[in-house]
Structures are given as C-alpha cells and as structure tokens.
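Subject: A structure for you to look at

Hi,

Here is the structure I promised to pass on. Have a look around first, then read my notes below.

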Amino acid sequence: MARLNDIKGYWDMSYGYDFNENDMWEGKILLEEDGWFEGIVVDSNSSYKKDRFIFGVYHPTKVIELFKFTSVDVSAPFVFHGTRDAKGYDGEFETIGIFGSMPCGVSHIITQDAELARGNVDFEIDELKFKIQNYKDNTMDEVGKSFYVNSIAMRNSMCQIILRNFEGRGFTAEEFQQIMEECQPVNDRVMQATEEEAKKLVKKMPKNLFEDDDDDLPF
C-alpha cells in the first residue's frame, strides 16, 4: 500500500546552498513499495498558485530523483537529484529541454511520513489521489504527458538503477538485458521526437542566418 509523505523542496540557483522560504515548493507524495512516487506540490511564492505534478524514485534514507512538471507555458520542467544527509536530501537540479537536461542550481529536499506524524491519513490519501488524477486529466500538457508515459514505461528500471547507483551495486548480464529491453522502445521514441523537434527549429531559423559577407569572416 502506498504511504503518504509530506515533501518540501528548496532551490538555490547560485550554487551556494543558501536556502530560504522564498525559493521553495511543498506538497505531498504517495510512495509505492518499489520506490516509485507521484504527488502534487505548489510553489507558495510564485504568481502561479495552481498544482504542479511531481513524480520519480524515492528510496527513504538513501536517494531521491524527482521530476517536477507544470504546463511549459508556465515553467520549464525540472529534475532534482538528492542524496541523503543529516537533514534531508541534497544535490543539483536541472532544467529539462528538447536535447536533454541543463544544470540550474542546487536543492535541498525534506520529507516526513505523514502517518507517523499525524496518525490516520486515509482522507488525505484519497484527496491526493484525486488531485493527481485531476492534474493528469485536465492540466498535463503534451510535453509532460510524453515524458511521464516514457518514465512509466521504464519505471522498474529507473527504480533499480537509481538505487543500485547509490549503493554502488552493478547488474548481472541477465538483469542488464532486461533493462535494455524495457528502455529501448522509449529510447527510440525519444530519438524520433528529438529529431522532429530539431527539424522544426531549423525551419524557424532565418534564411539569411549564415549569409554573411566574406569580408566579415574571421579567417
């Protein structure tokens, strides 16, 4: 059965680990036994007050890999990488673009088992499930949907890879083959989508972009 966790994340784009309550998001997640989680958070100090969707892999006391999405016309998607320290999970976070991710800063994430903190949380669990499904049905755009569907297709591999990388454990040849079989269809879809987006960008470029006069060349 999924367990309800409170979650709070801070970010610092200056890489100084100087976290404050202004640059912060918070909400709740439902954590499954294999380490997969989904949840809803809000950026309390943002002008955009609506729900944002988070999901990824979380192995308590060890590591978290968290993807944070809202409509791309509001914000670029992010991925937060965190390893456990004395007070939470620290690491870099990145923006996710067409051609991959780009470092953006550092983050600090803290979690709390809601049932241990408050007792019965059945109503909160039902409420969160409703919010998650409502986001998927009514808010998730094509960018988020594509990324989420691809991630779900690799869920088993992601949960295992992130845990074993943290623990420094490798895979047997058979396990590696299983991962490749699970991930290859997703890799193919991503490659095709990236190629299509690249073509669209090229078509939007000004036709005279490289038509400089020879006298202006530096050689």
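This is a predicted model: local features need pLDDT of at least 70, side-chain atom pairs count only at pLDDT 80 or more; totals for chains, interfaces and linings use all residues.

Residues are numbered from 1 along each chain as its sequence is written, and side-chain values use heavy atoms, with hydrogens and water left out.

The protein has five helices and eight strands (DSSP runs numbered from the N terminus: H or I of at least four residues for helices, E of at least two for strands). Along the sequence the pattern reads β-β-β-β-β-β-β-β-α-α-α-α-α.

The eight strands form a closed barrel, in the order β1-β2-β3-β4-β5-β6-β7-β8, with antiparallel pairing (strands pair if DSSP finds at least two bridges between them). From one strand to the next, the twist averages 30 degrees (axes are lines fitted to C-alpha atoms, for helices over the stretch in contact, and angles run from 0 to 180 degrees between N-to-C directions). As a reminder, strands of a sheet pair through backbone hydrogen bonds. For an example, take β1 (residues 3–12) and β2 (residues 24–31), which are joined antiparallel over eight bridges. Y10 sits opposite M24 in β2.

Helix α2 (residues 122–138) packs on the sheet and touches β1, β2, β3, β4 and β5 (contact means heavy atoms within 4.5 Å). Its direction makes about 85 degrees with that of β3.

Now try α4, residues 155–167. How far apart are its end C-alpha atoms? They are 19 Å apart, which agrees with the 18 Å that 13 residues should span at 1.5 Å a residue (the expected span is 1.5 Å times one less than the number of residues). Buried residues in α4 include S157, M158 and C159 (buried means under 20% relative accessible area, exposed over 50%, partly exposed in between, with a 1.4 Å probe and protein chains only). After α4 comes G168, with a positive phi near 75 degrees.

Y17, in the loop between β1 and β2, has a phi near 55 degrees and is partly exposed at 44% relative accessible area. T61, in the loop between β4 and β5, has a phi of about 70 degrees and counts as exposed at 57%.

Finally, 39% of the 219 residues are buried.

Enjoy!
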